[in-house]
Amino acid sequence: MPKLPPTPRPPDNRPKARLPRGFRDTAAAEMRALDGMLARIRDVYELYGFDGLRTPSFEFTEALGKFLPDQERPNAGVFSLQDDDEQWLSLRYDLTAPLARHVAENFDALPKPYRGYRVGAVWRNEKPGPGRFREFTQFDADTVGTDNPAADAEICMLAADALEAVGVPRGSYRMRVSNRKLLDGLLEAAGLLAADTPEGANQRLIVMRAIDKLDRLGVEGVTLLLGAGRKDESGDFTMGAKLAPEQIARIVAFVTTPVAERSATLTALTELVGKTETGAQGVTELTAMAANWDALGFGLDRIVIDPSIVRGLEYYTGAVFEAELTFTAKGEDGIAQRFGSVGGGGRYDGLVARFRDTPVPATGFSIGVSRLYDALAALGKIGTDAQVAPVVVLVLDKPRIADSQILAQSLRAAGIRAECYLGTAGMKPQMKYADRRGAPCVVIQGEDERARGEVTIKDLAEGSRAAAAIADHAAWKDARPAQISVPVAEMVATVQSILAHRLSQRM
């Protein structure tokens, strides 16, 4: 007997099957649920009259503004490369900078105000961590070309309606709204250094970053950051803004202003910002926004004025807002967690103007898709209306596979997801395959069924439940749980009945 050749070993330089750090795959079930969630958000945006826009993944790096890398660090914050013209391109860091470029490039052709939405992946070359990825999805809506506070008010209402449309109950979220002009007026009234000096700009940036940490560090932590600085649990020290005690007290009073009736909140803020022109503008704009919410029935259970909201990005120039989820849910470790912010935005009147010599006011809101998805999963809102796995038509007679394919096609024609088994295994492995696919049922037509003009339909979920209650194989064979033979003409109706029963159990 001839000796078989040895099995060849794979080369040592074969690639490893692995993901880069900070990236993830998305499986079919999550894709379907995400698509459903995004479709509901899109429906709300389009009801408000916003039009979709798709921008390319790459932009010229200079178009990204503050994220422009220097020559020594071409990938600082963004993923960048040089094209064949030796120009720097970067994967988009967010969806707002590409919008600003698009509006500036097509300014004369676009209606003003321009109302648009965008959804897509963005990339950040930053250190990944738990729940923090280098690639993630955002869903934005923006109004460009008007400084009317009604546009800011509408964006807040749009965001609130979108959250409810995807299944976040009223009372489980709130839109928190403020205005950067309030903070600017407060800092001016408190006697901080002028914002148009390098020292003053740096001091104000430290103050804004400190206020932005109020939810995480509390009043005590923010007070330390407004003063000499704060040492965290690891021993790292963060330099503070070095403000005087009376300045710190005024800022703390501002960010802890009670969230009450809007008129009362606005009155308290008016006193804190003093007689500064900038602060008065902020109060006037918020008052106009509040009038819109009151007129349209968006009460305090949906939108509140909260001066602790400053937003971290430096380009916001007026109204700022954040969508916060207020419910708690147990994580995988069993510990209750609060999801907090799932989106935010504000007025950015200077971003489009970077490309033009004229002011172009704009306001917008961005939803963090992954964070919202996780929150909906915790609420039990994911998967209840997701499309079921396909019905699997088994193939018992391989030369007659076309007959099985015809059965599958009949199911598809009725709008039922269906597939014909296209492997080469026998009956038992085909059943295991259907189980792994999560199929609600299988359709079987052997020689006997074909002669009678019938099919056998097995409800896999009901079969599993019934089989668990049967003691021995003989009893199982005699009972033939959740299995029925019907004429081919009744196959579609029978499968539809099984699917409807399964859906009713999941709701």
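## Strands 3 and 4

Strand 3 and strand 4 (residues 88-91) are joined by three bridges. The two strands run antiparallel. Leu81 faces Leu89 of strand 4 across this pairing. The model described here is predicted.

Three strands make up an open sheet, in the order 2-4-3. Pairing in this sheet is antiparallel. Strand 2 (58-60) and strand 3 (80-82) are the edge strands. Each has a single partner strand, so one side of each lacks a neighbour in the sheet. On average, neighbouring strands here are turned by 35° against each other, direction ignored.

As background, strands of a sheet pair through backbone hydrogen bonds, in either a parallel or an antiparallel way.

Strand 6 covers residues 135-144. Seven of its ten residues are buried, so the strand is largely enclosed by the rest of the structure. The cut-off matters here: buried means under 20% relative accessible area.

Two pairings involve strand 6. Val122 stands opposite Phe136 of strand 6. With strand 13 (residues 362-368), strand 6 pairs over seven bridges, also in the antiparallel sense. There, Asp142 has Gly364 of strand 13 as its bridge partner.

## Helix 1 against helix 3

Helix 1 (residues 28-47) packs with helix 3 (residues 149-165). The angle is about 145°, and the axes lie 9 Å apart. The crossing is right-handed.

Which residues make the contact? Helix 1 contributes Arg40, Ile41, Val44 and Tyr45. Helix 3 contributes Leu158, Asp161, Ala162 and Ala165. By class, the contact has six nonpolar residues, two charged residues and no polar ones.

## The chain as a whole

The chain has 507 residues, and 44% of them count as buried. Its secondary structure comes to 16 helices and 18 strands.

How values were computed:
Residues are numbered from 1 along each chain as its sequence is written. This is a predicted model: local features need pLDDT of at least 70, side-chain atom pairs count only at pLDDT 80 or more; totals for chains, interfaces and linings use all residues. Side-chain values use heavy atoms; hydrogens and water are left out. Two strands pair if DSSP finds at least two bridges between them. Helices (H or I, at least four residues) and strands (E, at least two) are DSSP runs, numbered from the N terminus. Axes are lines fitted to C-alpha atoms, for helices over the stretch in contact, and angles run from 0 to 180 degrees between N-to-C directions. A crossing is left-handed if the near helix is turned anticlockwise from the far one by less than a right angle, and right-handed if clockwise. Contact means heavy atoms within 4.5 Å. Ala, Val, Leu, Ile, Met, Phe, Trp, Tyr, Cys and Pro count as nonpolar, Asp, Glu, Lys and Arg as charged, and the others, Gly among them, as polar. Buried means under 20% relative accessible area, exposed over 50%, partly exposed in between (1.4 Å probe, protein chains only).
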